[in-house]
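Reader: I have a structure open and would like to work through it. Can we go step by step?

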Amino acid sequence: MYFPAYYNGDYLSAIAMSTPLSGTYSMAANATNLFGLQYLSAVIAYSTNLSGQGPGFTNVNAGSTVTFPQPGWWSYAFPSVAQPELATINYYFAPFKYDAYYLPVVGVGGSPLPGMPEFSPTNRSPTLIAGVGSTYQVAGHAKQIILNGDQKKFGYLGQYFDKAFQIDTNGNITGNHTGILSPFGEFFPTEPGPVALATMPDLDTGQCGTGVVYAIKLALDVNHDGVIDLSFGGPDNTSPGRPFVFWCNNNYDRWDNDSIFHNQEQDDQIVASCPFTNQPTPDCNYRDQFGQRVIPCTRDLEDFARLWVCGVTDNLLLGLDSDASINLSWGDVGNPNPSNPTIDLFVAADADGGIGYLTNSTVAAQQTNQWVCSYVGRVGPGQKVELNTVQFLDVLRSGHLIWCGVSNGTGVLTLTISQGTNTLAQTSAHIQIQDIKRLYERWTVGDDPDTAPKNLAYLAREGDAPGVPPFQYSVPPAVSTPYILLVHGFNLEVWDKDRFAEAAFKRLYWQGYQGRFGQFRWPTTQQHIYNPGAFDKSEINSWSSGVGLLNLLVNLNKWYPTNVYLMAHSHGTVAAGEALRLAGTNQVANTYITMQAALDSHTYDSTTPMMPISFDTPDRYGAYYINGAACYFNGVGGAGNYINFFNPYDMVVGAIWQSDQVLKPDVGYSYHSSDDSWWDVGLILASQLRFPQNTYTIFSYCDQAHGFALGSQNNVGGPFRSGVMYNQIELDLPPYNFGAQHIYHSAEFRSDNPHRWQFWNQVLFQMGLKP
Amino acid sequence: MRSPVAIICGFVLLVIAAAFFWQLNHRASPSPEPNFVNTANISQTHSSGPGNKPDQTLLHGQPMKPEVAEAKRGELLSRQLEQRNVPIDFCGRVIDQDTNALAAVAIKISIRHWPTAGVLAPGVSEEIHLDRLTDSDGRFEVHGETGDALSVLSLEKQAYELTPTTPHHYPSSSGTVENPVLFKMWSTNIQEHLVTLDKSFRILTDGRPYFINLVAGTIAESGEGDLRVFIKYPMQVVRGATNDWSCRIDGVTCGILEQSDGSDPMYLAPTQGYVSSFELKQQIKGGQRGSTGQRRFYIRLGNGQEYGRIEIGLYAPYNYQIPGLIRLSYAINPSGSRILR
């Protein structure tokens, strides 16, 4: 820097020089510049003639006077000051953002930096907050005092960055590296939590600065394995192409009377109201009598997923101004995007944010208690839920929420931390809410009990929007993708069949099942079990559905070779057993699980105990179809493994089914022991029924089972025996504790997940899908 | 002379009559006894032998309308179910962890009872709820009711809790005064620090031994371990062909004692009866899964320095990707106490 010396004005005084006499220059002693650094001397450069040629030089020291050889000619003074002696007393870290011209700007996430007009040496480092998985630009400066100058003025020395370290829960910097950090302060957090960004050591002193960045993240259990993996690139991260897909909580989980049986049980109703409206209200809108949004029962919790707000620590909160906002939205506040979904958030009961609400009855009860776990709010298109309030401060600290889908859509759930209009940080998760009927396949061979089942199953479409094709999976991602097919039982209307299937789907999902799921519907009757005609008509419809089921299994094996798993409940075991028999030696199911099977155990093993009643018909299940022959399902090979889930106290297959067998032959049928003939009496003319062509009719209406129902019988041999072991699960014993009441015949679909998850866990283990 | 028309008409009538009598013959049983019943007899037909079964198409010898027949079926079903009711005779006894009688235990019981036809809809049971309090000898009984199943819904006594493996459902006649059904409750004050693990290990099934280290919760093909386990079963089999399947569990540093009573919670390890190994040999069809099932053992480590319980299941093949699987859960008391709770 130079100063004109030919003009005796303010220029020279700025560097403590003066011209006390014409042709002389003086420099004051002990004069200092703006930074308190002493002026030591000045070199005066001048032209040696009036034409400006030269230059010539002369030197003036502080406290001395020199005579200028060419007074009046052009001259300039170049002062020399003492070298500053700097010492770092602190570091200043701040986020910064560029504008279109790559210049740092203040606002929109950028803070004032040293050198900017908005910056003041009194500024303290702002709280640094970064979203996991996005680049965050940090500037670091060493704040230095001038030891030999004005110590009220500071120097700021830009820093290069070195490494990023994790900070433990006690606030101590660990030796563990985290994230990706460039020397220029570009930081890419890969996990939530406080991170120490260390600067490169000072060349002279080795001194380093450390800035703390709070990495925040919205975390979900995307692969629903019970563990929320916070690692970057782990299985629980979402992306536009891989959103967290979850179902809408639009069903009606409520306490019920179990029809005429008067056993209180939680179930999925066809429709139900809530106390506030007394109008049909799905669970996602359920309110108590005071209008408070509450969770209707613990069963409804299987429609909730977890959300962790990670990285919002006490220190982060303390670092924010009182008017700071922390909110959840779809990023469309003020400009609603109707394609975004709507979700409802509640405080999580699990202190650790775990899955106790799905597995532990005590935790589940707390979760549905609004005084323990309050409603946080609803996030729909254009809406936001403010979390930085006194009410939810503990929620922010724990970071544990549960949520359910209220309306369908796909969006980016965004956590925004802002100060006024300045967005400090954001983090997000991609979420897609769908109707559950768009998440599993619904195959049917017909649902009208008065119409014969079709031989080819087709996709059902009840509940789908008009014009929307029924849901069908795309090509499986791998040949090893498993497919579980559920066959329902007796006395279910179409909606009930779907709800049972959906309960199975949800509970398998929460056991971490990663494969695909479908149900097979067949035309069971929808009358009460005390109507024997309906019960036996249901049976023949189930037998007759075996062909359609087999064809479906064969088709599924084209897509999921050797990975189709079959499970059937109650009367559905008739169709399933028959399909596997018709398969011959072609294995169409990897594993077949019978659940509370309403089918004579003698069909598989004629040596199981006989029912203690007198029989009017021969045991054609155990000896098909002449005395001494093998049982009906002898040598079946349609499945690799057969597993029998049974309950000896099951009311339906243990009492009612038995009584129905006693009453066979049914109205309009008879058996003549004299010539071992079966008859359909008919209205005018009787016609003889013969094996094998009339087998289904004879079994359903005429022939009494001699053995106990498979679903109540232990130690059934045949395909259920492997080596010396019987492949069976006894459901009346712990941990299942299925009882003797009617509700327990379908217990796996009823009640709540905390009471039933052990069942579904066992299902997956027995299928070889959960080692 | 008779007209041909009359002859033809007569013949047609004869054919119709013959058909009618043939029908009647085939509706009825070939038994010499008439196969008709009236409503007064319905309740007595339950255990009738062949030939005495009610023909539900007929009432007083006349065909019934379908809806009447269905109603009768409902009534018959109710009567069938009603006959399942048998006198309830249940003798139980509640003891504590040291087999001392527990008095004043509050017990809630439910009996499944089938009501008389017409009381409830056919096929609908009713629950008879009873409360009992154990006497000074810990005993309680249920008599004087009828039904076909009894459920012990809960047992409550302050500072005690029922062992979680206790069955809750029983046949209508269970236990005797001499040999009552035992319910064991444990003092809630008895809580030991246990080392637990629940884990599965994937193994090969060519008979190679695996060593399980219970403390570390690890498995290795060599080195030290508390249990040595192998499964031998061909990893390539022909579907349907029978193959030898064998396995063995050896206690390397421990003895093992199998507990086959599933209702025993295994909260107290016995001092004696331990053996060095468990072995199972069987034959499995190719394509099926062979297993030991989940088996429960007490274990005694270091010649009695530590006790524990272990549930272990060996499976081969488990699935197409996993030729062999060891499913293991255990609880060890490192204090040396035999209490495993």
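Reader: How many Å² does the accessible surface of chain B come to, and what share belongs to carbon and sulfur atoms?
Author: Keep in mind that this is a predicted model. The accessible surface of chain B comes to about 16,900 Å². The share that belongs to carbon and sulfur atoms is 53%.

Reader: How many helices and strands are there in chain B?
Author: Chain B has both kinds of element. The count is two helices and 24 strands.

Reader: Is B:T205 buried or exposed?
Author: B:T205 sits in the loop between β14 (195–203) and β15 (210–213) of chain B. Beyond four places in sequence, its contacts include B:I231, B:Y233 and B:P323. The cut-off for buried is under 20%. B:T205 has 1% relative accessibility, so it counts as buried.

Reader: Which element of chain B has the lowest mean pLDDT, and which the highest?
Author: Chain B averages a pLDDT of 84. Strand β1 (residues 58–59) of chain B has the lowest mean, 40. The highest mean, 98, belongs to strand β7 (residues 139–142) of chain B.

Reader: Over which residues of chain B does pLDDT stay under 50?
Author: In chain B, 79% of the residues score at least 70. One stretch stays under 50, and the model has 85 contacts for it beyond four places in sequence. That stretch is residues 21–63 of chain B.

Note on methods: Residues numbered from 1 in each chain as written. Chains lettered and ligands numbered in written order. Predicted model: local features only at pLDDT ≥ 70, side-chain atom pairs only at ≥ 80, totals over all residues. Heavy atoms only, no water. Helix = DSSP H or I, 4+ residues; strand = E, 2+ residues; numbered from the N terminus. Areas by Shrake-Rupley, 256 points an atom, 1.4 Å probe, with all protein chains shown as cover. Buried < 20%, exposed > 50% of the residue type's maximum accessible area, 1.4 Å probe, protein only. Contact = heavy atoms within 4.5 Å. pLDDT = per-residue confidence, 0-100.
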